[in-house]
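Here is my notebook from a first walk through this structure. Come along and look things up with me.

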Amino acid sequence: MIGGRAEAVPVLCLGEVLIDLIASDDATRLEDVTAFAARPGGAPANAAVALARLGTASAFCGVVGDDPFGARLRATLAAKGVDTTRLRATPDAETTIAFAWRDTRGDGHFRLLRLADCLLSPDDVAAAGVDRVGAMVVGSVALAAEPSRSAVMRAAEIAAASNVPLCFDVNLRPTIWPDLAAARTACEPLLHQATLLKLSLDDAQSLFPVDDAESALARLDRYGAPFVVLTDGARGAWFGMRGLLRAPADRFVPAFAVDAVDPTGAGDAFTAAVVSRLIANQWERLDREDIVFASAAGALTTMRRGAIDALPSADEIESFLAVRAGEAKRITPDY
């Protein structure tokens, strides 16, 4: 069993928490947006809430400004059942802001104004008890600045030394990197260490010279992660275990067809659902049924204004799957 823990309590989500300014009109380019709705977000924070909604204890480690938005974020996470004792408020920077909108395909796009979240430090990590958590979830945003990059790398070192499973959700945001070569360099150590490696096809094509899912999966297989998930938005996802990523047609799970309202947070709901299922499986396997469950979590998230308020509970996912039993059966055939 990976991680040596029968239970993952809590899962520590580490990185950015921020205010999403989500386009509330139909514009498909940021320069054309005329109205925004301010909502709590940030991929690791979304994942922490999504885990709590699924009945998995979670904690968040990050930095907000000592300002009204920071207070709102702390209150939101606490109200959703996330342990916020590792969330620090600083007077040295304002809370981070992100602009979010969706393109003509319905895929989400983000542009970040990184502020307080960059100040996550190795000292914050030292006080976070990484060696005592059941798993850790991190993304790539924190790697794009200092001291947050050093903080994540220190947390990864502690996790490795303590046999704590590391879940790396790449969620690449090109606008915060000077160039993609820098992103590849920053991500490389975590790609090698990840227990669960999750990224989108767009992420893979930004990091590596790959053309399609098959070549992306072959490239990712080199890292030897026990579990890999490659997503492609409303089209679906591929999954596999170490050494079993070379038959993508057999490992593709189509997405559920839904009337999407807002894609913000859908990927984070998907990630949290996969983590929750791996915990339930004691980190021994990742099955098609687990990806169907995660796909339902992502689909449900898109049906409401997000991100955090849209994240579904385990009961909501099970009800969705019961109603969509025929579709779930189609994407989970008998072999």
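**Charges over rings**

I began with arginines whose charged end sits over an aromatic ring. In this predicted model, Arg277 places its charged end over the ring of Phe293, 4.7 Å from the ring centre. I noted a second case at Arg251, whose charged end sits over the ring of Phe239 at 5.7 Å from its centre.

**Helix α9**

Next I looked up α9, the helix of residues 288-302. I found 15 residues in α9 and a reach of 21 Å from the first C-alpha to the last, close to the 21 Å expected at 1.5 Å a residue. Is α9 mostly covered or mostly open? I wrote down "mostly covered", since 14 of its 15 residues are buried, and buried here means under 20% relative accessible area.

**Aromatic pairs**

How many aromatic pairs does a search of the whole structure find? I got four, and I took notes on two of them.

Phe36 and Phe99 make an edge-to-face pair, with 5.5 Å from centre to centre and 65 degrees between the planes. I placed Phe36 in strand β3 (residues 36-41) and Phe99 in strand β6 (residues 97-102), so this pair ties together parts that are 63 residues apart in sequence. Phe36 counts as partly exposed, at 34% relative accessibility.

For Phe208 and Tyr223 I read 6.1 Å between the ring centres and 40 degrees between the planes, so I called the pair tilted. Phe208 sits in the loop between α6 (201-207) and α7 (213-221), while Tyr223 sits in the loop between α7 and β11 (227-231). The two are 15 residues apart, and their pair links distant parts of the chain. I checked burial too: Phe208 is buried at 6% relative accessible area, and Tyr223 is buried at 7%.

**Helix α7**

Ala213, Ala216, Leu217, Arg219, Leu220 and Asp221 are buried in α7. What do the buried residues of α7 pack against? I listed β10 (196-200), α6, β11 and β12 (236-241).

**The β6 and β7 hairpin**

I went back to β6 to see its partner. β6 pairs with strand β7 (residues 108-113) in the antiparallel sense, over six bridges. Across the pairing I found Arg102 opposite Gly108 in β7. The two strands form a hairpin with five residues between them. In the turn, Gly106 has a positive phi of about 90 degrees.

**Cysteines**

How many disulfides are there? My count is zero. For Cys13, the nearest cysteine sulfur is that of Cys167, 8.5 Å away, and a disulfide needs two sulfur atoms within 2.5 Å, so Cys13 is in none. Cys118 is in no disulfide either, with the sulfur of Cys61 as its nearest at 14 Å. I noted Cys13 as buried, with a relative accessible area of 0%. Cys118 counts as buried as well, at 11%.

**Around Val137**

Cys13 and Cys167 turned up again when I asked what Val137 touches. Setting aside residues up to four places away in sequence, Val137 touches Val11, Leu12, Cys13, Leu14, Ala47, Cys167 and Val275. Val137 belongs to strand β8 (residues 135-139) and is buried, at 4% relative accessible area. I also looked up Ala48: its C-alpha is 8.6 Å from that of Val137, though 89 residues separate the two along the chain.

I kept two loop entries for the end. The peptide bond from Glu146 to Pro147 is cis, with omega near 10 degrees. I located Pro147 in the loop between β8 and α4 (148-161).

The other entry is Asn171, in the loop between β9 (166-169) and α5 (180-193). I noted a positive phi of about 30 degrees for Asn171, which is not a glycine. Is Asn171 buried or exposed? I wrote down buried, with a relative accessible area of 7%.

Conventions. Residues are numbered from 1 along each chain as its sequence is written. This is a predicted model: local features need pLDDT of at least 70, side-chain atom pairs count only at pLDDT 80 or more; totals for chains, interfaces and linings use all residues. Side-chain values use heavy atoms; hydrogens and water are left out. Helices (H or I, at least four residues) and strands (E, at least two) are DSSP runs, numbered from the N terminus. The expected span of a helix is 1.5 Å times one less than its number of residues. Buried means under 20% relative accessible area, exposed over 50%, partly exposed in between (1.4 Å probe, protein chains only). Rings of Phe, Tyr and Trp (its six-membered ring) pair if their centres lie within 6.5 Å; planes under 30 degrees apart count as stacked, over 60 as edge-to-face and the rest as tilted. A charge sits over a ring if NZ of Lys or CZ of Arg is within 6 Å of the ring centre and within 35 degrees of the ring normal. Contact means heavy atoms within 4.5 Å. Two strands pair if DSSP finds at least two bridges between them.
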